Amino acid sequence: MAMMSDTSEMRTSYTAQTTRRYFVLAVTAGLLLFSFIVDVSTGPGKYPLSTVVETLLNPMAHGVQIKVIIWDYRLPIAVTAVIVGAILAVAGAQMQTILNNPLAEPFTLGVSSAASFGASLAIVLGWSVLPMVGSLVVTLNAFMFALLTCGFILFATRLKGVGSETMILFGIAIFFTFSALLALMQYMASEDQIARIVFWMMGSLGRASWEKIAIGAALLTLAIPFGLMRSWQMTALRMGEATAQSMGVDVARLRIEMLIVVSILAATAVAFVGTVGFIGLVGPHIARMIVGEDQRFFLPLSAMIGALVLSLTSIISKSISPGVIYPIGIITALIGVPVFVSIILSTRHRSLS
Amino acid sequence: MSLKITDLSAGYGRTQVLHNVTADAIKPGQFVGLIGPNASGKSTLFKTLSGLLRPMTGTIHLGDTDLGTLNRRDRARRIAYMPQAFGCNAILTVYESVLLALKQTTGWRVDENNLDRVSQTLTALNLAHLANRSLGNLSGGQAQMVAVAQTLVRNPDIVLLDEPTSALDLHHQLSILSSVRHETKRRGTIVIAALHDLNLAAQFCDRLILIREGRIVADGTADKILTLPEIGQTYRVETALEQTRRGSLYVDATLECVH
C-alpha cells in the first residue's frame with residue numbers, strides 16, 4: 001500500500017508542477033501585454049493607458065493625431081521590441097541546448113560581427129551582396145553576411161563532425177576575423193561613415209517598419225512550433241550527447257536542423273536592430289530558473305521573457321531624457337547585465353519551480 | 001523473443017574492435033554478465049547492439065526481426081542502452097528525466113499511462129524519494145540509478161547496462177542489481193550488464209560472457225566460467241574460485257608473480 005501512495009503522490013506532484021508552469025506562462029504573457037501597452041504610451045507625448053488601448057482597438061477613437069502617433073510611430077517600435085526580443089531569446093535558448101554551453105547565444109558564433117561587417121561594407125564602400133536593393137542595402141548586407149557565416153559554420157562542422165567545442169571555436173575564430181575586417185573598414189571610412197557604422201552596431205529599434213515586423217513574426221510562428229515539436233529530443237540532449245543518442249535521438253541531425261533555424265532567426269534579428277547581445281542570454285537564463293529545462297515550457301517562456309525584457313528596455317530608452325531615444329543596445333548592456341548577474345548569483349541554488 | 005548475435009564485427013574507422021562475435025541465443029528474462037578487462041570491446045559491443053555503431057559484418061536478431069532493418073526510434077523502443085557517461089547539469093527533476101526517456105519513443109503529449117510508468121519504475125528501483133530532486137543535486141550513485149531507471153521505464157525487450165555499479169557503494173550495488181534482476185525477470189526482459197566485479201557477476205548473472213580483445217573467450221554459467229583458466233589469463237591475475245559459507249561463489253584473485 002505504501003507503494004501505491006508513493007506512485008500516486010509522484011503523479012500528483014508532477015501534474016501540479018505542470019499546472020504551475022502553465023500559470024507562469026500565462027502570467028508572463030500578461031506582463032508582456034502590459035509592458036507592450038506601457039511602451040506604446042511612453043514618448044514625448046504621454047497618453048493614459050486607456051487612451052492607448054482604445055486607439056489600439058479602434059484607431060480613430062481619439063482622433064487622427066493620436067492615431068498617427070500611436071499607429072505610425074510608436075506601434076512599429078513596440079512590436080519590433082517584442083518580436084526581436086522573442087527571436088533573440090529563442091535563438092539563444094536553442095543554441096545553448098545544441099552547443100551544451102550556457103554562454104552560447106546568436107553572437108557567440110560570430111553572427112553579429114559578420115553582420116556588422118556586412119553593414120559597414122554597404123556604408124563605406126556602397127557595396128551590396130544583392131543588386132538593386134536600394135535603401136535596404138545595409139540591412140540586407142548584414143543579413144547576408146550573418147547567414148553566410150552560419151552557412152560556413154554549418155559546412156565546417158559537417159566536415160569535422162559536429163562537436164560542441166568545435167562549433168564554439170569556429171565562432172570565436174569568425175568573431176575575431178570579422179572584428180579585424182570591421183576595424184579595417186572603419187580605418188578606411190570617413191568620419192561620417194564611422195558614425196553611421198558605430199550607430200548601426202549599437203542596436204536600435206528606430207529602424208522598425210511593418211515589413212520587417214511581418215518577416216520577423218512569420219519566422220517566429222514557424223520557429224517556435226518547429227522547436228516545440230522537437231522539445232522532447234532537445235530536452236534529452238540536455239542529458240548529454242551519449243545518453244540522448246542511446247535514447248534514440250539522432251543528435252547530429254537535430255543539431256544541424258536547429259542550427260539552420262537559429263541561424264536564420266539570428267541573422268534576421270541582427271539585420272533588423274543591430275547588435276543587441278544581452279537578450280539571447282538573459283531570456284533563456286531567467287526562463288530556466290523559473291521552469292527548468294523541459295523544453296515544452298522552457299522554449300515559449302524564453303521567448304516571452306526575451307520579448308518582455310526588450311519591451312521594458314524600449315520603455316527605459318524613451319524615459320531617461322524626454323525626446324531622446326537611446327540605442328537599446330546600450331541600455332540592455334548597462335542595466336540588464338548587472339540585473340542578470342545578480343539574478344544568477346542569488347538564485348543559483350533554487351532552480352526549480 | 002531471444003537475442004541472437006551472429007558473426008558481428010565492428011569498430012571505429014579502420015580500427016576493428018569486435019571480431020566475428022557469435023553468441024548462443026540469449027533468452028527472455030536472462031541476466032547476462034559481460035565480463036572482460038578494460039578496452040576488451042564491451043562498450044563497443046553495446047554500441048553495436050543498440051545501433052549507435054554500424055556493424056562491419058554480421059547480424060543481430062531479436063526473435064525473427066533483424067535489428068539492422070529497424071529505424072532509430074523503433075530500435076530504441078526494443079533496446080535500451082545505458083552508456084557509461086552519466087550525470088549532467090540539466091535543470092530537470094529525476095521524475096522529468098525518467099519521463100523524457102520514455103517520451104523519446106512515445107507521442108508528444110504526456111498521458112496518464114506515461115506518468116504511471118514513470119512512477120512505477122521509480123518505485124520499483126526504490127527511487128521514489130528522489131522523484132522531485134534536481135538532477136544537479138544527486139550523488140554519483142544516485143545519478144547512476146536514475147540512468148538505470150531511464151532504461152527500464154521504456155519497457156524494452158533488451159536492456160544494456162554499461163557498468164551499472166561503478167559509482168555505487170556496496171549496499172547500492174546489491175540493491176540496484178537485485179531490483180533490476182527482479183524487474184526484468186518479471187517482465188521477461190533480456191539484460192546484458194558489463195560488470196567489473198566478478199563476485200557481483202557470479203551472484204546476479206544467469207550467464208557470463210567473457211570477452212577479450214573483441215572476441216568471446218568463454219560463455220556459460222558463472223560456476224563454469226569462473227573456474228576456467230581463461231579468467232586468469234584474460235585479466236592477467238591468478239584466480240581461485242571458492243564457495244562461501246552462504247553458498248555464493250567467491251573469486252580470489254592475486255596478481256601474477258611479478259619478476
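The secondary structure of chain B comes to nine helices and twelve strands, where helices (H or I, at least four residues) and strands (E, at least two) are DSSP runs numbered from the N terminus. This is a predicted model, in which local features need pLDDT of at least 70 and side-chain atom pairs count only at pLDDT 80 or more, while totals for chains, interfaces and linings use all residues. Residues are numbered from 1 along each chain as its sequence is written, chains are lettered from A in the order in which they are written, and side-chain values use heavy atoms, with hydrogens and water left out.

User: What radius of gyration does chain B have?
Analyst: The radius is taken over C-alpha atoms, and the globule rule is 2.2 Å times the number of residues to the power 0.38. For 259 residues a compact globule would come near 18 Å, and the value for chain B agrees with this, being 19 Å.

User: Is B:Thr184 buried or exposed?
Analyst: Buried means under 20% relative accessible area, exposed over 50%, and partly exposed in between, with a 1.4 Å probe and protein chains only. B:Thr184 lies in helix H6 (residues 170-187) of chain B, and because its relative accessible area is 1%, B:Thr184 is buried.

User: Which residue has its backbone oxygen 3.2 Å from a polar atom of the side chain of B:Thr184?
Analyst: Not counting residues up to four places away in sequence, B:Thr184 touches B:Gly29, B:Leu152, B:Thr189 and B:Val191, contact meaning heavy atoms within 4.5 Å. The backbone oxygen that lies 3.2 Å from a polar atom of the B:Thr184 side chain belongs to B:Arg181.

User: How many aromatic pairs does the structure hold over all chains?
Analyst: Rings of Phe, Tyr and Trp (its six-membered ring) pair if their centres lie within 6.5 Å, and planes under 30 degrees apart count as stacked, over 60 as edge-to-face and the rest as tilted. Over all chains, the number of such pairs is seven.

User: How many residues apart are A:Tyr22 in helix H1 and A:Phe297 in helix H13?
Analyst: A:Tyr22 and A:Phe297 form an edge-to-face pair, 5.2 Å centre to centre with 80° between the planes. The pair links distant parts of the chain, from helix H1 (residues 2-41) to helix H13 (residues 295-319) of chain A, and its two members are 275 residues apart.

Technical notes:
Polar contact = N/O pair within 3.5 Å; in protein donor to acceptor, adjacent residues only side chain to side chain.
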